[in-house]
Amino acid sequence: MRVTRTFQVGAAALAAATLVGLAASPASAETDPGRVSGWLSDTTIGAAGAPGRTAALDLSSSGATGPRVVFDLNGLAGVATAAFPDWCVTATAQVTCPMPPTATPDEFGTLNGTVPVVLRAVPGAADGAAGTIGYTVLADGIDGEAQQATVSVHAGPDAVSLVNEYVDDVDTGDTLDMQVALTSAGNVAASGIRLTFRFPVGLEPAAYRNCRYGAGGQLSTIVVCAIPGTFSPGLSYQVPGGFATTVGPAAIGDKRIVQTVEPATTAGPPPAGVVLERRPADRTLRLRQVGAAVDVISAEHQYPSGQYYLRDIPGAFDVVALGAAATGSVGDTVTVRVGFRNDGPGVPDGTISGGDPGQFAFVPPAGTVVANWPTGCSSMGGEDGFEGPVTWYCTKPGGVFAAGETFLVGFDLRIDGPLGAPGEVRIPYSYPRVDDDPTNDSAPVTIS
């Protein structure tokens, strides 16, 4: 089952949104005007002759009456024009838009809607020309703060990705037909297209004659494909049948394939540090035109990069806790090396979230005190006021935990005595799910 969701690669964080409202005093709590907020991202448009671009202002209201946004178009003079839905009211260079009729409340009762603004470069606007579109978010009893977004002109060929696909019910051994699609978005035709893909660990791209392959960071595979041809402004293209991708035994959890489309003549340098080579192949990756030319590119498709997202691949893997043993007397300081090992075949991968691929916990044996600890480990418990013995949590650095890899760190333990119960190494949580053999997720640490 495939589900498509709105996704904008590199979109501005919602935390940067304009937030205005009045905090009610105790005497006026019954007249609290509520809250309104709005955010409009900077937008790059093609020169005259390119399809229009849709910038989307996200408008939110919580308990406010008459939420609206007022646009000031004076800063666009000589650069671009702006067109608004028919439910907005235009007065010379000022446009007022109420909360969109399609707005819906979220689980907290906040009403959220989108105001689409279609931007086009005026004839004669040169490459690099820039203007501003001002906007103020208001409501009855709320005076908003004036904000602005930059509108820039880019002349020449351009391309935007149309891919934002989420795929469920995927397992190792499956072969998928990954969607690859784009729109030629410039004011002139693109002479050739370059496609660049990043396949995370566990996903195996098929071989094509016109593609080159290399090893990227964190066990990823980088693929760069050259597609010849002429790609006219406003026309959309896709790879017939998709890009064949196999889900290998190392795949587990969520996986995101990032694909970037660029005109061949203006494409940047290939990924740094990646040696690209051709693979034996009996087929060529091609792009085929689909549909009629578009006059306006939607707000959902504004960027050269898109994603093909595989969710919750069950896979198979086993992470094993590694304990230790040492010998010493009261007053001695001994070193124990503790950690864990990934017996695979699945590879825990934190590259999507930017997190870490694994963590283990270490409880020192009774009668010992940690005299020195490794970088990347921190303690909780004991003197910190938490119940139970002091526990040290150690995180494996890097984005992936490769199959067959062992991660060990050294703790210096001072023996104060008397020696009692052994310590323990355990895996406090299993990422991205409980592994296939939880019985080896803990191991003793003994001092004799």
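A polar contact is a pair of N or O atoms within 3.5 Å, where within protein one atom must be able to donate a hydrogen and the other to accept it. In this predicted model, such a contact, at 2.9 Å, joins the side chains of Asp349 and Lys255. The protein around this pair has zero helices and 37 strands, and its radius of gyration of 28 Å is well over the 22 Å that the globule rule gives for 448 residues, so the protein is more spread out than a compact globule.

**Overall form and contacts**
- Taken along the principal axes, the box that the C-alpha atoms of the protein fill is roughly 85 × 75 × 35 Å.
- Of the contacts in the protein between residues at least 6 apart in sequence, 78% join residues that are at least 24 apart.

- Asp349 lies in the loop that runs between β30 (333-342) and β31 (359-363).
- Because its relative accessible area is 5%, which is under the 20% cut-off, Asp349 counts as buried.
- Leaving aside residues up to four places away in sequence, Asp349 touches Pro200, Val201, Lys255, Gly399, Val400 and Tyr431, so that Lys255, the partner in the polar contact, is also one of the residues listed as touching Asp349.

Conventions
Residues are numbered from 1 along each chain as its sequence is written. This is a predicted model: local features need pLDDT of at least 70, side-chain atom pairs count only at pLDDT 80 or more; totals for chains, interfaces and linings use all residues. Side-chain values use heavy atoms; hydrogens and water are left out. Helices (H or I, at least four residues) and strands (E, at least two) are DSSP runs, numbered from the N terminus. The radius of gyration is taken over C-alpha atoms; the globule rule is 2.2 Å times the number of residues to the power 0.38. Contact means heavy atoms within 4.5 Å. Buried means under 20% relative accessible area, exposed over 50%, partly exposed in between (1.4 Å probe, protein chains only).
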